[in-house]
Amino acid sequence: MVSGTALVYDEEMMNYRLLWDDPECAIEVPERLSSSYKRLQDYDLVNRCVLLPVREATEEEITLVHSPEYLDVVKSTQTMDIDELKKTSKKYTAAYFHQNSYRCAKLSLGGTLQLVDAVMSGDAQNGMALIRPPGHHSQRSESNGFCVFNNVAVAAEYAKIKYKVQRILIVDWDVHHGQGIQYIFEDDPSVLYFSWHRYEHGSFWPNLSESDYDFIGKGRGTGFNVNLPWNQIGMGNADYIAAFLHVLLPVAFEFNPELVLVSAGYDSGIGDPEGRMCATPECFSHLTHMLMHLAGGKLCMILEGGYHLRSLSESVSMTVRTLLGDPVPRLSGNMTPCYSALESIQNARHAHSPYWKCLFHDETRLVQNISTKGLSAPAPLHADASAVDEFLENHMKILHPTPPMTTLLVAPGEHTLNLLAGAHLEESTATTEQAIHAMSVFNQDLLNENLLNSVGKMLPALEKLVNRKTRNCITLSPNASLSAAVAVQQVLRLGSERVLCILIGDVDMKPEITNDGKTMCLTISGDKMLEKTISQFQTFIKWKEGPHEGNSFFYALFRFLLPLAYSYQPDLITLAIESSRSIGTKDIALLTSLLQGLADGAILAIVTEADKDVIEALSNVLVSCASMFFGPYKPPAKECIQSLTQELTVMQTYWSMLQCLAN
Ligand code: X5A
Ligand code: ZN
């Protein structure tokens, strides 16, 4: 199995800077690199990565994207004096050259290609390149927006040629539109480009009409360019997560890339003077975690912008930490996307609905009158600069520390434990009296010795889970849903405040749902369901995979299950999988893995003892965070969509992350 996170860094890329007075370019400083690297060291993350040296990109590599004439211009800056450098810079927009620019741009691009080589060859699972100059604004024959060579665009062409990759996803989470990448791939269906960016109806740099949601690509590339313009500043965690769940991820899973490149700019993070957005460093953990589920985990992060040094370095650290497999921290703040964000999401979904099956199931329509149009001043931000600095200074301290063990296994009796290498076996057990007591409110007809044993073993494990002695827990039980019902009751007693309980299959027993919001219960079953949603804390969907191991489940995942979970913000998740389950092992693995973005990864998975496939799938996900491959998208059965739509209609009035329409 491929493992390891690569890190590309070389302080030589600090050897160029702006030599004259230019307020627009002054923010792009060498310290962007050193402060990010320093923070990675502080968090002891550098030691855990495989360090890759940079190299110079060759002329042949540079001209995969750039014209030889432009290469000559950049080359010629090596020997220029200040006046000539200034004059050359002024030929372009928001660009500056230094005598070392050419050398650093070659290292920046070469470093990016080193990362692609490591990930494509299997030397590393994923990685990050800390480089400058950035790349996503640079065009075939033009420097632009501090960018000299288009690192990510060249990397995509390079991967296509060297590794015969047929589908590459580029995710540009920098706050500026990477128009350079868009121009290079606008007619190319082998590269899906997604970018969100501060836009404000075109009043924000680079002020292009082709940055709007209705530019969707050209010719054969139509549908393969996804723009999500933000028309207001102040976008935060909820807006970014909603954008991923409702726009990027469904399309990306349907596209089914073989490699994911991220134009990882952090000017979209809190405190940045360019972006003026509000997303906290933890948000980048979530974005990273979600992308780790594509392309068998082949994920390359390539630094672009990011101008608030503290925010940049914290967000870079959260990204690398997540690539390494550490638990994803919980998001702070209210999980309600703002109205303007919803409008942008609605329009992007509508613009792409003819091209992607996953968007076609829903009703989509354009926003009639965009609410922010005609506004002269942007909405004011709530947080002032010193509050932001204080927040960034302290955010790591308020995160839960990483639990000492990853997985605790509760397995009564003899079991094929080799499936769960790396898990710790729960040794202690509660007394029979304690087990009987814990089960006293449940149906006594279902009680038997096996079940008592299993529950007795589970009780001490629950304490460790609630007290974060273990990140997650896998429990084998003769009756998964009954064990789940007992577990929910117990963890509430132990101090959990919001427990999300997911039941898969036909279940005997449900946890008791009180309307105090302390529990939310979600059932996925293949049968026609008699029950209808009666409360915002209880929901049922019918979902059934066809005869072939299908790949339709991610529709339910992104359209319903994850938005619901992100709205509810559980502090613990119980997952019970009955052998009567109607969804495949890959579906369960993907669901479980993505749920690790919630509740600091505190998941209790309860599986029927006989279900070897699920036990193995869960252990891959929960113990060793293995990467996964999914086939092409197969649209779900009509009745599944129907059942989901019916539940959505009710639930979205309570849980705002479910909404895809602003009006
Ligand atoms: C890479 C990047 C921003 C250029 C802004 C010019 N460039 N106003 O973030
Ligand atoms: Zn930027």
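Asn225 is found in strand β6, residues 225-230; strands here are DSSP runs of E with at least two residues, and helices are runs of H or I with at least four, numbered from the N terminus. In this predicted model, local features need pLDDT of at least 70 and side-chain atom pairs count only at pLDDT 80 or more, while totals for chains, interfaces and linings use all residues. Residues are numbered from 1 along each chain as its sequence is written, chains are lettered from A and ligands numbered from 1 in the order in which they are written, and side-chain values use heavy atoms, with hydrogens and water left out.

Is Asn225 buried or exposed? Asn225 is buried, at a relative accessible area of 2%; buried means under 20%, exposed over 50%, and partly exposed in between, with a 1.4 Å probe and protein chains only. Beyond its neighbours within four places in sequence, Asn225 has contacts (heavy atoms within 4.5 Å) with Gln182, Leu192, Tyr193, Phe215, Ile216, Gly217 and His352.

I turn now to ligand 1. The ligand is surrounded by 14 residues, each with a heavy atom within 4 Å of it; the closest are Glu24, Gly145, His176, Asp267 and Tyr307. Polar contacts are pairs of N or O atoms within 3.5 Å. A polar side-chain atom of Glu24 lies 2.8 Å from a ligand nitrogen, and a backbone N or O atom of Gly145 lies 3.0 Å from a nitrogen atom of ligand 1.

Finally, helix α6 covers residues 151-163. Of its 13 residues, 10 are buried, including Asn151, Glu157 and Lys160. Just after α6, Lys164 takes a positive phi of about 55°.

Conventions:
Expected span 1.5 Å × (residues − 1). Polar contact = N/O pair within 3.5 Å; in protein donor to acceptor, adjacent residues only side chain to side chain.
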